[in-house]
Structure formats: structure tokens, C-alpha cells
Amino acid sequence: MSKWAEIRNDYCDEEEEKVYIDAWKTCNDNEEGKVIAKVDYKTKEIQYLNEAAKTDDYAQEVIIETLNRIDNGDYEERR
């Protein structure tokens, strides 16, 4: 069971060269998401901003998906 109801990896900060892993605790549209991790799309280094993201299955699934997207060249144009 995940701590979060929804986790997304659809924001990329080109200045920082990182993909943000954003999470929401509920499905309420008024809830503000929190950045729980950042993945550097050049080095694939993961910066955890929430300790629970290190062991949360859902968070790790999205982080692994992000790493796979990096491997597949999804961020090549930003390099």
C-alpha cells in the first residue's frame, strides 16, 4: 500500500536538468502536490526529498519508469 494516491513524473526542469517526481496523498483536485524526488536526466542520480519515497513501491515504480525513459532517450533533446 502506497502512502500516495497519485504520483507523476511529467515535469522536467531544464535549468536544473531534473525530472520532478510529484505526489498527492488524495485524489482531491484541490490538493497541492509535493515533490518527493528529483531524477537528474544526465547522471540518473536520484535526490529524495521525502524519505518514504525510498521504500514506497508506487514511488519506486515511477522512479524506475523515469530512469527507463532516460535510457530510451526521452530527454536527449534537453542534453
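The structure is a predicted model, so local features need pLDDT of at least 70 and side-chain atom pairs count only at pLDDT 80 or more, while totals for chains, interfaces and linings use all residues. Residues are numbered from 1 along each chain as its sequence is written, and side-chain values use heavy atoms, with hydrogens and water left out.

Start with the strands, which are DSSP runs of E at least two residues long, numbered from the N terminus. Strand pairing here needs at least two DSSP bridges between the two strands.

Strand β3 (residues 34-40) is mostly covered, with five of its seven residues buried; buried means under 20% relative accessible area, exposed means over 50%, and partly exposed is in between (1.4 Å probe, protein chains only). Next comes strand β4 (residues 46-48), which pairs with β3 in the antiparallel sense over three bridges. Val39 is the residue opposite Ile46 in β4. Five residues separate the strands of the β3 and β4 hairpin, where Lys44 has a positive phi near 65°.

Now for Asn9, which belongs to strand β1 (residues 6-13). Asn9 has a relative accessible area of 9%, so this residue counts as buried. Its side chain makes a polar contact of 2.8 Å with that of Thr66 and another of 3.4 Å with the side chain of Glu65. For such a contact, a pair of N or O atoms must lie within 3.5 Å; within protein, one must be able to donate a hydrogen and the other to accept it, and residues adjacent in sequence count only if both atoms are side-chain atoms. Leaving aside residues up to four places away in sequence, Asn9 touches (heavy atoms within 4.5 Å) Val19, Tyr20, Ile21, Val62, Glu65, Thr66, Arg69 and Tyr75.

Lys3 is found in the segment before β1. Its relative accessibility is 40%, so Lys3 is classed as partly exposed. With residues up to four places away in sequence again left out, Lys3 touches Lys25, Asn50, Ala52 and Asp56. The C-alpha atoms of Lys3 and Thr26 are 9.5 Å apart, with the two residues 23 apart along the chain.

Terms used:
Helix = DSSP H or I, 4+ residues; strand = E, 2+ residues; numbered from the N terminus.
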